[in-house]
Amino acid sequence: MPRAEAVRVPRDHGGGLDAAVADYGGGREDWIDLSTGINPVPYPAPTIPQEAWTALPDRAAQDAVLEAARRHWHVPDDAAILAAPGASSLIAKIPALAPAGRVDIPAPTYNEHAAAFAAHGWEMGEEGATARVIVHPNNPTGHWYAEETFGAPLTVVDESFADVWPDRTWVHEATRPGVVVLKSFGKFWGLAGMRLGFAIATPDVIAQLATALGPWAVSGPALTIGAAALDDHDWAVDTRVRLNEDAARLDALMIRAGARVEGGTSLFRLYEVDDAKTWQERLARHHIWSRVFPYSKTWLRLGLPAPGQWSRLEAAL
């Protein structure tokens with residue numbers, strides 16, 4: 001019997017600054033990229049030991065970042081953790097954990113999950129779903145889901161942005177069979193280029209994902225920085241305060257410019273405007289890149305400016 005072809009789902013992301021530069025001029029250094037939800041004040045990376053660059057990561061380095069992750073997210077003793085080169089690498093592997101069927105992914109949301117499941121032959125739909133993906137908080141709306149029954153045999157909880165409000169995590173559900181909680185390091189700690197993410201689930205599921213990723217999936221420098229950052233409690237507390245203040249400041253600017261707050265988190269804000277594409281083009285003429293969505297003509301998403309960028313955004317608005 002011929003194998004069914006996987007359905008391709010378009011991947012739509014923030015970023016893409018090179019295309020914006022090509023369309024509106026300037027160099028990358030001239031632009032402010034507000035199209036992503038990455039903390040613009042990154043964690044100050046510690047000095048990297050030479051061995052982290054020259055040797056394959058040993059068990060001690062891998063254990064150190066996993067232990068720091070367990071402490072930071074209060075992972076239950078019965079759950080296991082896996083470090084990976086970014087949450088996206090885990091998203092690509094998770095659909096293979098179960099036989100292809102139907103997956104329920106409440107929309108609108110981050111579309112990489114749908115693309116990954118479709119690539120593994122899954123159909124999309126709520127009725128009769130054997131897998132479910134919950135983006136918590138949701139991207140781009142910022143909606144936090146009320147805790148609910150995990151009825152699907154495979155349930156993915158994507159908490160890439162949850163570190164802004166750690167009390168709302170569902171990490172404690174990772175002891176349930178078939179539940180996988182994803183954590184992104186690049187968003188809250190502002191080090192997206194480092195490529196570090198985590199899966200938290202029962203030991204058998206983590207073993208399957210570890211086999212799929214292969215050995216030495218995470219670089220030595222990423223393990224070193226990740227362990228230090230995850231254990232820096234004071235930095236995390238101070239960062240949450242600053243993010244909340246900056247999100248309120250951004251809302252005030254956008255409201256004065258005629259936008260309405262639609263949702264978001266303290267790492268990105270979602271606005272309702274009269275014509276999102278027009279707003280994006282106006283900002284782009286000032287070399288400020290924003291995020292619009294193919295399914296909405298009126299939603300505009302902005303990340304937070306870095307400390308020295310606010311005056312340029314205010315002038316552009």
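Is Arg-176 buried, partly exposed or exposed, and what is its relative accessibility? I looked this up in the structure, which is a predicted model. Arg-176 counts as partly exposed, at 37% relative accessibility.

**Entry on Arg-176 and its partner.** I noted that Arg-176 forms a salt bridge with Glu-173, with the closest N and O atoms 2.3 Å apart. Glu-173 is buried, its relative accessible area being 8%.

**Entry on other salt bridges.** I found that the structure holds ten salt bridges. One of them joins Glu-123 to Arg-102, where the closest N and O atoms are 3.2 Å apart. This pair links distant parts of the chain, since Glu-123 belongs to strand β4 and Arg-102 to strand β3, 21 residues apart. Glu-123 is partly exposed at 47%, and Arg-102 is partly exposed at 30%.

I then turned to Arg-132, which forms a salt bridge with Asp-104 at 3.0 Å between the closest N and O atoms. Arg-132 lies in strand β5 and Asp-104 in strand β3, so the pair ties together parts 28 residues apart in sequence. Arg-132 is partly exposed, with a relative accessible area of 22%, whereas Asp-104 counts as buried at 12%.

**Entry on the nonpolar cores.** I recorded 65 residues in the largest nonpolar core; Trp-73, Trp-189, Phe-198, Ile-200 and Leu-230 touch the most other members. Helix α8 (residues 233-256) gives the most to this core, namely seven residues. Domain 1 and domain 2 each supply at least three residues to this core. I also listed contacts of Leu-230, among them Val-65, Trp-73, Phe-185 and Phe-198. A second, separate core has 26 residues, including Ala-84 and Val-205.

Methods. Residues numbered from 1 in each chain as written. Predicted model: local features only at pLDDT ≥ 70, side-chain atom pairs only at ≥ 80, totals over all residues. Heavy atoms only, no water. Core = buried A, V, L, I, M, F, W, Y, C linked by side-chain atoms within 4.5 Å. Buried < 20%, exposed > 50% of the residue type's maximum accessible area, 1.4 Å probe, protein only. Helix = DSSP H or I, 4+ residues; strand = E, 2+ residues; numbered from the N terminus. Domains from an automatic or database assignment. Contact = heavy atoms within 4.5 Å. Salt bridge = Lys/Arg side-chain N within 4 Å of Asp/Glu carboxyl O. Lists of a residue's contacts leave out its neighbours within four places in sequence.
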